[in-house]
Structures are given as C-alpha cells and as structure tokens.
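I opened the model to look up its aromatic rings and then its helices. My entries follow.

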Amino acid sequence: MDPQNDGTGTPVLLNVYDLTPVNDYLYWLGFGVFHSGIEVHGMEYGFGAHDFSSSGVFEVESKCCPGFVYRKTVWLGTTELSREEFRSFIETLAGKYHGNTYHLISKNCNHFTDDVCKNLTGKPIPGWVNRLARVGSVFDCLLPESVQVSPVGRVPTLRPVTDDDLDSVSSSGSDEGDEDKNLLPAPSTDLDPVDVPLKLAKDLL
C-alpha cells in the first residue's frame, strides 16, 4: 500500500529493501529476503550487526540505505510523538539492540522495525517482510552455524548522531550522494557510541 496520511499524527512508514535479485520471484509467493527500516519525521532507522556491545541501531536518509536495493514503502499508521519525543524513544530502544546481538533468524533488522511499529502503532509490520526468518527459526538446527550466529557483511563507517544533524535534516533536504550511516548514541553510560562498520545479512546468502 502506498504511503498516505489521514491528516492526523506523523506517518510511520516501513521502507523495504531487497537483499537478493531472487526476491523478484519469491515476493509473489509471499517470501523474500528483505531488509527494512522505519521512517518517522523524515529519517529512517534500522538495525545492523557489528562486533561491539554498543547499539547497532542507525539512521539514514529515507529510502537510501547503502548496500540494499529499495523495493517499496508500506504505510503502517501514525504517531503522536513529536520529533524530540520520538528521538528519546528510539534512543532508549536502541539500548536493547546491541550490534553484537544481531542474529539473522532471531534478532534481525525486521525484528527491530516490528518492535518500533508495535510501540508506535500497536500493530506489527506485514508478515511477509520477516516470514523467512520465522520459517528459518523452525529449522534453525539445520542451518549452518555461520548463518545462525555470525554477524555479516560491511557497510560504510558510522558516526554518532548529533543535535546539529537533526537540525540540518529538518531545515534542508539530504545532500545527494551522502550515504553515511549514523549509529544512535545509547542512552545509558555503559554503552558509548563508537565508530564501527556494520555488517550486512545479504553477504551470508
């Protein structure tokens, strides 16, 4: 369903990306290997793997997540949270999604977006987005160990998000060609933001 606004609240959108060209065939069967990010207040938030205990939650320009091929945007609902309230919410949630806890089957990017969606709208993301992981969980014992537990692939180095970043996003459009991804700083003192390379699930396939 194309994104649309009913005139109340801020839209909550799910941006879905392909991890493999095979999705062109699997999609029509209700399957696929997808990455997803939640878009709220003009920015997109996702979850990726790295080797550290800091948060793996990052933000990027809408529909421009590096390393993936954008497929579609799904309307999820609306939220009454202001930009500042949403920022506080996402930073708190980011503390529960450490980069070294990423798991392709049990805790991937789609589990993160589903968590955000349930908190903001009371509804889950569409089932087809993470269906392969649910099927995989049933046959987890049959999967190679590297698929079960290993973080994967690499994307550009990240930098912590600052208030200036938010101001620039709200006052102007994104710079063309800027593909930097930004780790969200953790709200607790024991999770310091660090510059680390995220890892992509598609490189396992």
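I searched the whole structure for aromatic pairs and found nine. The rings of Phe, Tyr and Trp (its six-membered ring) pair if their centres lie within 6.5 Å; planes under 30 degrees apart count as stacked, over 60 as edge-to-face and the rest as tilted. I looked up Tyr17 and Tyr70, an edge-to-face pair at 5.9 Å centre to centre with 75° between the planes. Tyr17 lies in strand S1 and Tyr70 in strand S5, so this pair ties together parts that are 53 residues apart in sequence. Helices (H or I, at least four residues) and strands (E, at least two) are DSSP runs, numbered from the N terminus.

This is a predicted model: local features need pLDDT of at least 70, side-chain atom pairs count only at pLDDT 80 or more, and totals for chains, interfaces and linings use all residues. Residues are numbered from 1 along each chain as its sequence is written, and side-chain values use heavy atoms, with hydrogens and water left out.

Next I checked exposure. Buried means under 20% relative accessible area, exposed over 50%, partly exposed in between (1.4 Å probe, protein chains only). Tyr17 is buried, at 0%. Tyr70 is partly exposed, at 33%.

I then took Phe47 and Phe112, a tilted pair at 6.4 Å and 45°. Phe47 sits in strand S3 and Phe112 in helix H3, so the pair ties together parts 65 residues apart in sequence. Phe47 is buried, with a relative accessible area of 2%. Phe112 is buried too, at 0%.

Lys107 lies over the face of Tyr97, 5.0 Å from the ring centre. For that I need NZ of Lys or CZ of Arg within 6 Å of the ring centre and within 35 degrees of the ring normal.

On to helix H3, residues 109-121. How far apart are its end C-alpha atoms? They are 18 Å apart, which agrees with the 18 Å that its 13 residues should span at 1.5 Å a residue. The expected span is 1.5 Å times one less than the number of residues.

Asn108 caps the N-terminal end of H3, with a side-chain oxygen 2.8 Å from the backbone nitrogen of Asn110. Gly122 follows H3 and has a positive phi, near 80°.

Thr113 lies in H3. Thr113 is buried, at 0%. Beyond its neighbours within four places in sequence, Thr113 is in contact (heavy atoms within 4.5 Å) with Leu14, Ser36, Gly37, Ile38, Tyr45 and Ile125.

Methods
Polar contact = N/O pair within 3.5 Å; in protein donor to acceptor, adjacent residues only side chain to side chain.
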